[in-house]
Structure formats: C-alpha cells, structure tokens
Amino acid sequence: MHALDVLGDPVRRRLLELLADGETAAGELGRVVQEEFGISQPAVSQHLRVLRESGFATVRPEGTRRVYQLDTSPLRDVDDWLDRFRVFWTHKLDALATEIARGKKE
C-alpha cells in the first residue's frame, strides 16, 4: 500500500497522531479510536495491521500488552514527494507572514 493511501484514512491518521506522542499500548489506541470513530476493536486491529505492514509503526510485546511506536521513515518519503509541490504554497505562506508582521506593527 502506498504511503498516501495509508494516510488517506482518518482512523489511521488519528492513530499516527496518537503514536507521535510516544509509545502507546494497543488497548489505549483502541479505546481512543473506538470512542472517536465508533468502530469495533477488530476494525482498529486492522488499521494497526496496515500501519505495521506499511512501515508506519512497529510493535513489541510487553507482557500481555502490545506496544506500538511510530516509525517516521514512510513520513519522510511522503515529505520528499511533497517537496516538489511546496513551491505552490511557500509564497502564500511568506505573504501571510508579511501581513501578520504588518498587523503587529500597527
């Protein structure tokens, strides 16, 4: 699965956001995502499996728990891919920064 396909799903994006805060047990990830998206535990497990298989997350056993950790390698690949498109929004962000600076002076 291509990295952008993985990121195209809101549940997987939310899981990545949670993992960006640090290692998290599968149960905790499941609780948050089930509450926010109203999906079942098996559905959460499927999303976690996609993240593992696509390289976005690693998992290690810790007693009876499975602890997930973010792997940023695929995100760097996405960032590299997006790099050629940054030219389309960089000047707009620069213009916004100029307007903000003008507002602070006034």
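Analyst: In this predicted model, the secondary structure of the protein chain comes to 6 helices and 3 strands, and from the N terminus on the elements run α-α-β-α-α-β-β-α-α.

The 3 strands form an open sheet in the order β1-β3-β2, with antiparallel pairing. Because β1 (residues 24-25) and β2 (residues 57-62) stand at the edges with a single partner strand each, one side of each is left without a neighbour in the sheet. As a general point, the strands of a sheet pair through backbone hydrogen bonds, and the pairing may be parallel or antiparallel.

Taking the pairings in turn, β2 is joined to β3, which covers residues 65-70, by 6 bridges, and the two run antiparallel. Within this pair, P61 stands opposite R66 of β3. The two strands also form a hairpin with 2 residues between them, and G63, which lies in the turn, has a positive phi of about 65°.

L75 is found in helix α5, which spans residues 73-83, and L75 counts as partly exposed because its relative accessibility is 31%, between the cut-offs of 20% and 50%. Leaving aside neighbours within four places in sequence, L75 is in contact with L7, F56 and L70; of these, L70 falls within the range of β3, residues 65-70. L75 and L16 are 59 residues apart in sequence, yet their C-alpha atoms are 10 Å apart in space.

H47, by contrast, lies in helix α4, residues 41-53, and H47 counts as buried because its relative accessibility of 13% is under the 20% cut-off. With neighbours within four places in sequence again left aside, the contacts of H47 are D9, V11, R12, L15 and I39.

For the chain as a whole, 25% of the 106 residues count as buried, and 46% of the contacts with a separation of 6 or more are between residues 24 or more positions apart. The radius of gyration is 18 Å, whereas a compact globule of 106 residues would have one near 13 Å, and the C-alpha atoms fill a box of roughly 60 × 30 × 25 Å along the principal axes. The accessible surface comes to about 7300 Å², with 53% of that area belonging to carbon and sulfur atoms. As for charge, the mean positions of the 16 positive and 18 negative charges are 0 Å apart.

Note on methods:
Residues numbered from 1 in each chain as written. Predicted model: local features only at pLDDT ≥ 70, side-chain atom pairs only at ≥ 80, totals over all residues. Heavy atoms only, no water. Helix = DSSP H or I, 4+ residues; strand = E, 2+ residues; numbered from the N terminus. Rg over C-alpha atoms; globule rule 2.2 N^0.38 Å. Buried < 20%, exposed > 50% of the residue type's maximum accessible area, 1.4 Å probe, protein only. Contact = heavy atoms within 4.5 Å. Areas by Shrake-Rupley, 256 points an atom, 1.4 Å probe, with all protein chains shown as cover. Lys, Arg positive; Asp, Glu negative; His and termini not counted. Charge placed at Lys NZ, Arg CZ, Asp CG, Glu CD. Pairing = 2+ DSSP bridges.
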